[in-house]
Amino acid sequence: MEHNRQSKKRSHRRRPSGTSTRHHASFLRRFWFEILALILFGIGVFLLLERLQIKSIAYRALVSSYRATAELFSNVANGATAALERVERSDLVGVVLIVVAIVMLVLGLRRRAIRRSLPLLEGAPCPECGEVLERVRRTLAQRLLQTLFVIRIRPYACRKCSFRATVWSTRYDV
Ligand SMILES: [Zn+2]
């Protein structure tokens with residue numbers, strides 16, 4: 001595993017010049033979701049800590065765009081707008097951004113875990129020794145993760161060697 005990673009790194013370095021920007025771009029493409037989440041998280045924290053005008057500016061922008069939408073839903077939304085205006089201004093924006101950022105990070109981790117475990121699906125042999133992989137019982141932590149990510153985690157262990165892996169999927173039927 002470690003050896004693999006090193007040889008990959010080396011091949012990156014050997015690429016002709018001009019690939020560093022491409023490498024940079026692919027990094028952004030791979031992690032844009034997490035980066036965006038972190039930016040939102042940062043803004044949220046900033047808004048919560050910042051006690052100056054910027055808060056009310058952002059709040060006013062939110063409320064005015066909210067109002068524009070609200071007009072479409074008139075009656076029901078009017079009540080909601082009144083409720084929104086009663087909440088302490090910027091704190092609301094900060095809390096919303098932080099909640100959105102946390103949800104995005106959880107979704108990002110979930111998506112990554114699903115994608116990473118895909119090669120192991122459907123009765124694949126042990127990648128270390130080629131022996132059969134068996135389903136084993138879930139640990140308490142895995143059960144908690146299942147609930148947190150709203151996902152199915154299926155742990156496997158090799159019959160022969162110490163290889164263990166988990167398959168994360170949204171399929172609940174297995
Ligand atoms: Zn094995």
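Here are some questions and answers about this predicted model.

User: How many helices and strands does the protein have, and in what pattern?

Analyst: Happy to start there! The secondary structure comes to 6 helices and 3 strands. Read along the sequence, these elements follow the pattern α-α-α-α-α-β-α-β-β.

User: What share of the residues is buried?

Analyst: A residue is called buried here if 20 or more other C-beta atoms lie within 10 Å of its own. Of the 174 residues in the protein, the buried share is 8%.

User: In what order do the strands of the sheet lie?

Analyst: Let's take the pairs in turn. Strand 1 (residues 133-135) is joined to strand 2 (residues 152-158) by 3 bridges, and the two run antiparallel. Strand 2 also pairs with strand 3 (residues 164-169), in the antiparallel sense, over 6 bridges. Together the strands form an open sheet in the order 1-2-3.

User: Which residue stands opposite Ile153 in strand 3?

Analyst: Good one to look for in the structure. Strand 2 and strand 3 form a hairpin, with 5 residues between them. In this pairing Arg152 stands opposite Ser169, and Ile153 stands opposite Trp168.

User: Which helix packs on the sheet, and what angle does its direction make with that of strand 2?

Analyst: The helix in question is helix 6, which spans residues 140-149. Helix 6 touches strand 2 and strand 3. Its direction and that of strand 2 make an angle of about 150°.

Technical notes. Residues numbered from 1 in each chain as written. Predicted model: local features only at pLDDT ≥ 70, side-chain atom pairs only at ≥ 80, totals over all residues. Helix = DSSP H or I, 4+ residues; strand = E, 2+ residues; numbered from the N terminus. Buried ≥ 20, exposed ≤ 12 C-beta atoms within 10 Å, placed from the backbone. Pairing = 2+ DSSP bridges. Contact = placed C-beta atoms within 7 Å. Axes fitted to C-alpha atoms, helices over the stretch in contact; angles between N-to-C directions.
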